[in-house]
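Trainee: Could you pick one part of this model and give me a close look at it? I'd like to see how it sits against everything around it.

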Amino acid sequence: MYKFSPFNADKIILLDIEAAFAESGESTDRIDLVFYHTEEKRLLFIELKRLKDERFKDIENNVNNEVIEQMKRYKARIENEKDLINQQYNNVID
C-alpha cells in the first residue's frame, strides 16, 4: 500500500487522483480522488466542486444542471462497471 500517501489516516489511503474511467473510443470521466478503506476493503470516490462554481446556480431553481448530471453519470458508471473497477484497483493494490 502507499505507506507515504499524501492522505493516510491509518485506515484510509489515497490511491488515485483524477482517476480516468473510459473504454477506448469513449469520452473520459475523471473522478477527482479515489481512496481505499483498509478495514472495510472498499473504494471511496470523491468529486470536488467549488461552492462558487457557476454550474450550481440552477440548483436553487430545481433545474437539472451540469454538476448534478455529472454526478448521476459517475454513479451510473461506477454501478455498471463495479466489477471491472474493483479488478483494476485490486491490481493497483497488489
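Mentor: Let's start with helix H1, residues 66-80: it has 15 residues and reaches 21 Å from first C-alpha to last, close to the 21 Å expected at 1.5 Å a residue. That expected span is 1.5 Å times one less than the number of residues. Helices here are DSSP runs of H or I with at least four residues, strands are runs of E with at least two, and both are numbered from the N terminus.

Before going on, a word on the ground rules. This is a predicted model, where local features need pLDDT of at least 70 and side-chain atom pairs count only at pLDDT 80 or more, while totals for chains, interfaces and linings use all residues. Residues are numbered from 1 along each chain as its sequence is written, and side-chain values use heavy atoms, with hydrogens and water left out.

Back to H1. Its buried residues (under 20% relative accessible area; exposed is over 50%, partly exposed in between, with a 1.4 Å probe and protein chains only) are Val67, Gln70, Tyr74 and Arg77. They sit on the same side of H1, because they cover an arc of only 90° around the axis; the arc is taken from the directions from the helix axis to the C-beta atoms. Turn to the face pointing away from that buried side and you find the exposed residues Lys75, Glu79 and Asn80.

What does the buried side of H1 pack against? Strand E1 (12-21), strand E2 (29-37) and helix H2 (82-93), where a contact means heavy atoms within 4.5 Å.

The chain has two helices and three strands, and from the N terminus on they run β-β-β-α-α. The three strands make an open sheet in the order E1-E2-E3, with antiparallel pairing; strands pair if DSSP finds at least two bridges between them. E1 and E3 stand at the edges with a single partner strand each, so one side of each has no neighbour in the sheet. From one strand to the next, the twist averages 30°. H1 packs on this sheet, touching E1, E2 and E3, and its direction makes about 55° with that of E2. Those angles are between N-to-C directions and run from 0 to 180 degrees, with axes fitted as lines to C-alpha atoms, for helices over the stretch in contact.

Now the strands themselves. Tyr36 counts as buried because its relative accessibility is 10%. The C-alpha atoms of Tyr36 and Lys11 are 8.1 Å apart, although 25 residues separate the two along the chain. On the E3 side, five bridges join E2 to E3, and Phe35 stands opposite Leu44 in E3.

E2 and E3 form a hairpin with four residues between them. Lys41 counts as exposed because its relative accessibility is 59%. Over in strand E1, Glu18 also has a positive phi of about 55° without being a glycine. Glu18, at 37% relative accessibility, is therefore partly exposed. For context, most residues other than glycine have a negative phi.

H2 has 12 residues and reaches 16 Å end to end by C-alpha, close to the 16 Å expected at 1.5 Å a residue. Its buried residues are Ile85, Tyr89 and Ile93. They fall within an arc of 75° seen down the axis of H2, so they line one face of the helix. Their cover includes E1, E2, E3 and H1. H2 lies across E1, E2 and E3, running at about 125° to E1.

Finally, some whole-chain numbers to keep beside all this. Buried residues make up 28% of the 94 residues. Of the contacts with a separation of 6 or more, 35% come from residues 24 or more positions apart. The accessible surface comes to about 7,200 Å², with 49% of that belonging to carbon and sulfur atoms; the areas come from the Shrake-Rupley method with a 1.4 Å probe, and for residues only the protein chains shown count as cover.
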